[in-house]
Amino acid sequence: MGGTEHLTVQREGATLVLTLNRPEARNALSLPMLVGLHDGWLQADADDSVRSVVLTGAGGSFCSGMDLKALAGNGMAGEEYRDRLKADPDLHWKAMLRHHRPRKPVIAAVEGYCVAGGTEMLQGTDIRVAAESATFGLFEVRRGLFPIGGSTVRLQRQIPRTHALEMLLTGRAYSAREAAAIGLVGHVVPDGTALDAALEIAERINACGPLAVEAVKASVYETADMTEQDGLAAELARGWPVFDTADAKEGARAFAEKRPPVYKRT
């Protein structure tokens with residue numbers, strides 16, 4: 001199934017669950033975690049039986065950002081991890097979804113801290129569920145640092161610019177309710193239930209036509225920076241082929257016959 005000592009990989013039906021697993025450090029990003037994430041995204045892309053991915057954290061936290069000591073390799077076992085980073089210097093950006101977009105929908109299930117690099121990685125996910133007591137924020141400026149995981153570019157495209165700038169320039173913490181109010185997350189649920197809520201959303205996605213789902217996701221991101229005219233043309237180019245698939249015909253038959261469809265990605 002894959003994974004590392006800081007990243008676990010599990011299957012829940014057609015959903016691949018990636019769990020940041022370093023609870024003693026509030027799931028701060030380490031090199032083993034980044035390698036596991038990188039490989040997990042590739043595994044999800046390559047396996048047609050995987051229809052969605054849930055990203056979550058162990059021990060009541062999502063991710064508290066980058067652990068610079070671990071990334072540098074100080075006190076970390078496993079020479080192969082350093083070799084992986086040397087072989088692909090872009091690996092950490094792909095792992096954090098800065099330089100990689102999975103073709104399957106990615107749902108974040110956030111409990112506890114989701115700050116700094118955690119909030120940056122969150123921006124690479126598609127649907128976001130937060131527990132009531134979750135905390136968000138980009139703390140870099142408070143430490144004299146720059147949020148180089150993509151936030152100065154992505155955040156203003158995902159929430160209103162005034163809120164993006166306030167989050168970026170003050171470095172303050174945001175509650176789950178505040179994060180939902182500005183559009184950073186879509187759902188706020190009782191503590192301890194974020195993963196269950198994310199898996200429920202994943203199941204609804206999994207019940208849909210996988211080719212259609214992947215094409216819709218691709219179209220949304222592909223057209224985001226286009227003019228409306230160019231975007232509509234790109235949408236047609238992406239969408240029309242879906243109507244010619246066996247899955248589209250199966251969906252129509254199942255609807256007419258009032259039964260669940262059986263999609264085969266054809």
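This is a predicted model: local features need pLDDT of at least 70, side-chain atom pairs count only at pLDDT 80 or more; totals for chains, interfaces and linings use all residues.
How many of the 16 residues of helix 1 are buried? Twelve of them are, so helix 1 is largely enclosed by the rest of the structure.

Residues are numbered from 1 along each chain as its sequence is written, and side-chain values use heavy atoms, with hydrogens and water left out.

View 1. Helix 1 covers residues 31-46; helices (H or I, at least four residues) and strands (E, at least two) are DSSP runs, numbered from the N terminus. Buried here means under 20% relative accessible area, exposed means over 50%, and partly exposed is in between (1.4 Å probe, protein chains only). Among the buried residues of helix 1 are Leu31, Pro32, Trp41 and Asp45. With 16 residues at 1.5 Å a residue, helix 1 should span 22 Å, and its end C-alpha atoms are 23 Å apart, which agrees. The expected span is 1.5 Å times one less than the number of residues.

View 2. Look along residues 161-170 and you will find Ala164, Met167 and Leu168 buried in helix 7. They cover an arc of only 95 degrees around the axis, which puts them on the same side of helix 7; the arc is that of the directions from the helix axis to the C-beta atoms. Thr162 and Leu169, on the other side of helix 7, are exposed. Helix 5 (117-122), helix 6 (151-158) and strand 8 (174-175) are what the buried residues of helix 7 pack against, contact meaning heavy atoms within 4.5 Å. Gly171 follows helix 7 and has a positive phi, near 65 degrees.

**View 3. Helix 10 and its cover.** Helix 10 runs over residues 210-222. Its 13 residues, at 1.5 Å a residue, should span 18 Å, and the end C-alpha atoms are 18 Å apart, which agrees. Pro210, Val213, Glu214, Ala215, Lys217 and Ser219 are buried in this helix. Their cover includes strand 4 (106-110), helix 9 (194-206), helix 11 (228-243) and helix 12. Val216, also in helix 10, counts as exposed at 52% relative accessibility. Together with Val220 and Tyr221, Val216 makes a nonpolar surface patch of about 260 Å². Patches are made of residues with over 30% relative accessible area and no salt bridge, like charges being joined within 9 Å and nonpolar side chains (Val, Leu, Ile, Met, Phe, Trp, Tyr) within 5 Å. The accessible areas come from the Shrake-Rupley method with a 1.4 Å probe, and for residues only the protein chains shown count as cover.

View 4. Side chains of opposite charge can pair when their charged atoms come close. A salt bridge is a side-chain nitrogen of Lys or Arg within 4 Å of a carboxyl oxygen of Asp or Glu, and by this rule the count comes to 17. In one of them, the side chains of Lys217 and Asp126 meet at 2.7 Å, N to O. This pair links distant parts of the chain, 91 residues apart: Lys217 is in helix 10, Asp126 in the loop between helix 5 and strand 6 (127-131). Lys217 counts as buried at 10% relative accessibility, whereas Asp126 is partly exposed at 25%. Glu214 forms a salt bridge with Arg265, their closest N and O atoms being 2.6 Å apart. Glu214 lies in helix 10 and Arg265 in the segment after helix 12 (246-257), so the pair ties together parts that are 51 residues apart in sequence. Glu214 is buried, with a relative accessible area of 14%, and Arg265 counts as buried at 19%. A network of salt bridges links Asp48, Arg103, Glu214 and Arg265.

View 5. Leu97, a residue other than glycine, has a positive phi near 65 degrees. It is found in the loop between helix 4 (91-95) and strand 4, where Leu97 is buried at 0% relative accessible area. Lys258 has a positive phi near 55 degrees and lies in the segment after helix 12. At 77% relative accessibility, Lys258 counts as exposed.
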